[in-house]
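Reader: I have the sequence and the coordinates open. Please take me through the aromatic contacts and the backbone details.

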Amino acid sequence: MDAFYASVEQRDNPELRGKPVAVGGEGPRGVLTTASYEARVFGVRSAMPSVTAARKCPDLIFVKPRFEVYRAVSQQIREIFAEYTPMVEPLSLDEAYLDVTENLKCMPIATEIALEIRAKIKAVTGLTASAGISYNKFLAKMASDLNKPDGQAVITPKNGAAFVEQLAVKKFHGVGPATAEKMHRLGIEIGADLKTKSLPFLAKHFGKSGPYFYGIARGIDERQVKPNRVRKSVGAEDTFSKDIDDLDLAVLELGPLAEKVWRYCEGKDIAARTVTVKIKYSDFTQATRSRTESIPFVDRDSILHAATGLLATVYPFKLSVRLLGITLSSLSGDESDITSEQPQFDLDL
């Protein structure tokens with residue numbers, strides 16, 4: 001989907017159309033979840049601090065997120081996908097892989113399927129989507145960004161390897177800023193540079209990701225589309241309006257987080273045996289502490305009790321705390337409703 005959250009807000013509020021819109025909080029601790037294309041012209045992007053975004057675009061309009069609406073629209077889109085193939089692997093509310101090799105419409109050409117799905121999404125939701133079509137997941141993902149917004153692109157088997165060779169590694173899906181910087185230090189700037197490196201070299205420097213990088217440098221990605229992947233964790237976090245130094249105040253802030261993750265698990269009939277507390281300090285460094293039980297946590301209070309004990313292990317805090325988070329993992333339950341999408345709730349957007 002194209003600038004999904006912001007596009008939903010512009011759809012539902014005509015006064016926002018054609019204007020730079022950011023979904024997120026505009027306070028000093030706010031962070032953007034996404035920005036409209038009108039805002040992106042100014043360099044505004046997702047995960048950017050709100051103060052930075054406002055400085056880049058003085059006319060930026062901040063809108064608080066409405067996740068219940070985004071989830072409802074996402075469900076509409078997934079229902080459209082299901083008309084074409086059961087092989088759908090959601091990545092998030094606004095993105096998914098579809099394997100249409102064998103599809104329910106018996107359509108032989110993937111580009112025509114993509115055109116039809118995008119048209120149906122526009123008719124049903126009023127929103128635009130972009131698509132990438134290729135012979136593997138990595139290249140399909142890369143193609144999806146080539147003609148955004150409201151477009152699609154194809155990378156054929158004949159052109160796959162050549163496409164990757166010309167591409168800057170910092171643009172590779174799966175290569176974050178830290179990995180890109182490490183590659184640059186090793187003399188790897190584009191796909192062609194990556195292709196010259198041996199599998200042992202990449203395994204030595206990038207561990208388990210080494211074989212993946214070796215493959216995609218050659219346009220090879222053997223990963224299959226996996227529908228109904230098991231969820232690994234459920235998390236919630238809160239960025240405070242003012243840093244916290246006191247343990248009692250910090251414990252109070254854990255209450256809403258425990259409530260949030262427990263309500264989600266309760267509603268989905270999911271149980272968890274591991275609680276992890278995330279602490280982000282005023283200098284943006286982070287620490288995590290985890291605890292795993294032999295039996296699942298039974299309610300909100302048991303989660304909060306475990307999280308409180310974990311937080312106490314890092315007190316006195318080395319610096320004041322700007323963010324706390326609780327994540328539940330080692331999940332079990334109704335896996336028919338458990339997907340690869342991991343919800344992350346921010347209570348102070």
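Reader: Is Phe4 buried or exposed?

Author: This is a predicted model, and the area used here is a computed one. Under 20% relative accessible area counts as buried. Phe4 has 2%, so Phe4 is buried.

Reader: How does the ring of Phe4 sit against that of Tyr5, stacked, edge-to-face or tilted?

Author: A search of the whole structure finds 10 aromatic pairs. In the pair of Phe4 and Tyr5, the ring centres are 5.8 Å apart and the planes meet at 50 degrees. Stacked needs planes under 30 degrees apart and edge-to-face needs over 60. At 50 degrees, therefore, the pair is tilted.

Reader: Is Tyr5 buried or exposed?

Author: The cut-off for buried is under 20% relative accessible area. Tyr5 has a relative accessibility of 16%, so Tyr5 counts as buried.

Reader: Where does Pro149 lie, and what is omega at its cis peptide bond?

Author: Pro149 lies in the loop between helix 6 (137-144) and strand 7 (152-155). The cis bond joins Lys148 and Pro149, with omega about -5 degrees.

Reader: What is omega at the cis bond of Pro316, and where does Pro316 lie?

Author: Tyr315 and Pro316 are joined by a cis peptide bond with omega about 0 degrees. Pro316 lies in the loop between helix 13 (300-312) and strand 11 (321-333).

Reader: Ala3 has a positive phi; is Ala3 buried or exposed?

Author: Phi of Ala3 is near 45 degrees, although this residue is not a glycine. Ala3 lies in the segment before helix 1 (4-12). Its relative accessible area is 5%, so Ala3 is buried.

Reader: Ala47 also has a positive phi; is Ala47 buried or exposed?

Author: Ala47 has phi of about 70 degrees and is not a glycine. The residue lies in the loop between helix 2 (37-40) and helix 3 (50-56). Exposed means over 50% relative accessible area. Ala47 has 56%, so Ala47 is exposed.

Terms used. Residues are numbered from 1 along each chain as its sequence is written. This is a predicted model: local features need pLDDT of at least 70, side-chain atom pairs count only at pLDDT 80 or more; totals for chains, interfaces and linings use all residues. Side-chain values use heavy atoms; hydrogens and water are left out. Rings of Phe, Tyr and Trp (its six-membered ring) pair if their centres lie within 6.5 Å; planes under 30 degrees apart count as stacked, over 60 as edge-to-face and the rest as tilted. Buried means under 20% relative accessible area, exposed over 50%, partly exposed in between (1.4 Å probe, protein chains only). Helices (H or I, at least four residues) and strands (E, at least two) are DSSP runs, numbered from the N terminus.
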